[in-house]
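Subject: Structure handover

Hello,

Here is the structure I said I would pass on. My notes on it follow below.

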Amino acid sequence: MPEPSDIRLLVVDIDGTIAGESNQISPAVKQAIRAVQDRGIEVAIATGRMFRSALRFYEDIGSTLPLMAYQGALIQDPADGTVHQHLSVSAKVAAQLLDYLEDVETQLPGDHPLSIHFYLNDQLYVREITAETEAYSARSGIEPIAVGDLRNTLDQEPTKILALSQDTAFINQLLSSLRERYTPAELYFTTSVETFFEAAHPLVNKGLAVRYLAEEVLNMRPDQVMAIGDNFNDVEMLEYAGLGVAMGNAPAVVQAFADWVAPTVEEDGVAIALEKWLLS
């Protein structure tokens, strides 16, 4: 583990890390992040959120670095619009995945179909507006576009595909079955919260995105990076960073990948982690 004085880049996740149930960053966390920046340490965001949905958090913490959205599938500088990386799912594979999702959703009990989301050009496309989509829209601040058959969008390649279900056992089953159907060289699968199944280009994950930002853009080493996250989509960046911190609300499996476990998001765990490692 690096000495705290070696850290030059702090990377934070949004949901469950710097933002909890309130969907806002607490004053304590904002203050700690600003204090870190005052010490010359740069701060970046790596999130599964859409670029547009992440922007207000990016502005709240005063970041000036490229924003890593969609698990790192899109790395874009909000200041000038420069796209450093955009990795999408091929239309052919997206259609195959949609066929599979529509087939397996018949296994879900009752009248609760999967909410399937396609993300194209930083817009959210859905088959229909479900209760899950409405809740997602309210939290993300993004208005979904209902198109009926999502195949109608596949004249372009989606940046990410997401399936939502309140049946978490079904989401876990979906993750396992698709990992058997597709190799890691074909698609990247993860869950950002227990009700979200996500699929992206095989070279997408937050670890690769943070490595790109640190090494290619900022000319830094892994031991100069501190990363904080709370879920399975954060594992790769916790492994990459010289100092990886998991939140107290993270699943135990995720915490096992971290060098240190902070208090929960509702306890301002990020602020406490920064006080301990970078500000004391």
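The buried residues of helix α6 are covered by, among others, β1 (9-12), β2 (42-45), β3 (67-69), β4 (74-76), β12 and α7. Covering here is by contact, meaning heavy atoms within 4.5 Å, and buried means under 20% relative accessible area, with exposed over 50% and partly exposed in between (1.4 Å probe, protein chains only). Helices (H or I, at least four residues) and strands (E, at least two) are DSSP runs, numbered from the N terminus.

Before the rest, the basis of the notes. This is a predicted model, in which local features need pLDDT of at least 70 and side-chain atom pairs count only at pLDDT 80 or more, while totals for chains, interfaces and linings use all residues. Residues are numbered from 1 along each chain as its sequence is written, and side-chain values use heavy atoms, with hydrogens and water left out.

Helix α6

The buried residues of α6 are Lys-206, Gly-207, Ala-209, Val-210, Leu-213 and Ala-214. At its N-terminal end, α6 is capped by Asn-205, with a side-chain oxygen 2.8 Å from the backbone nitrogen of Gly-207. After the helix comes Asn-219, whose phi is positive, near 55 degrees. The 12 residues of α6 should span 16 Å at 1.5 Å a residue, and the end C-alpha atoms are 15 Å apart, which agrees. The expected span is 1.5 Å times one less than the number of residues in the helix.

Helix α5

Helix α5 covers residues 168-181; at 1.5 Å a residue its 14 residues should span 20 Å, and its end C-alpha atoms are 20 Å apart, in agreement. Phe-170, Ile-171, Leu-174, Leu-175, Ser-177 and Leu-178 are the buried residues of α5. They pack against α3 (91-104), β9 (160-164), β10 (188-190) and β11 (196-200). Where α5 starts, a side-chain oxygen of Asp-167 comes to within 3.3 Å of the backbone nitrogen of Ala-169.

The sheet

Six strands make up an open sheet with mixed pairing, in the order β8-β7-β6-β9-β11-β10. Its edge strands are β8 (145-146) and β10, each of which pairs on one side only. Two strands are taken to pair if DSSP finds at least two bridges between them. Strands of a sheet pair through backbone hydrogen bonds, either parallel or antiparallel. β7 and β8 run parallel and are joined by two bridges; Tyr-125 stands opposite Ile-145 in β8. Helix α3 lies across β6 (115-120), β9 and β11, and runs at about 170 degrees to β6. For that angle, axes are lines fitted to C-alpha atoms, for helices over the stretch in contact, and angles run from 0 to 180 degrees between N-to-C directions.

Salt bridges

How many salt bridges does the structure hold? There are 12, where a salt bridge is a side-chain nitrogen of Lys or Arg within 4 Å of a carboxyl oxygen of Asp or Glu.

Lys-206 forms one with Asp-234, the closest N and O atoms being 2.6 Å apart. Lys-206 lies in α6 (residues 206-217) and Asp-234 in the loop between β12 (225-229) and α7 (235-240), so the pair ties together parts 28 residues apart in sequence. Lys-206 counts as buried at 1% relative accessibility, and Asp-234 is buried with a relative accessible area of 0%.

Salt bridges with shared partners join Asp-99, Glu-102, Glu-105, Arg-127, Asp-149 and Arg-151 into one network.

The side chains of Glu-198 and Lys-160 also meet in a salt bridge (2.8 Å, N to O). This pair links strand β11, which holds Glu-198, to strand β9, which holds Lys-160, 38 residues apart. Glu-198 is buried, with a relative accessible area of 2%, and Lys-160 counts as buried at 2% relative accessibility.

Thr-17

Is Thr-17 buried or exposed? Thr-17 counts as buried, at 1% relative accessibility. Its place is in the loop between β1 and α1 (27-38). The side chain of Thr-17 makes a polar contact with the side chain of Asp-13 (2.8 Å). A polar contact is a pair of N or O atoms within 3.5 Å; within protein, one must be able to donate a hydrogen and the other to accept it, and residues adjacent in sequence count only if both atoms are side-chain atoms. Leaving out residues up to four places away in sequence, Thr-17 touches Ile-228, Gly-229, Asp-230, Met-247, Val-265 and Val-270.

Regards
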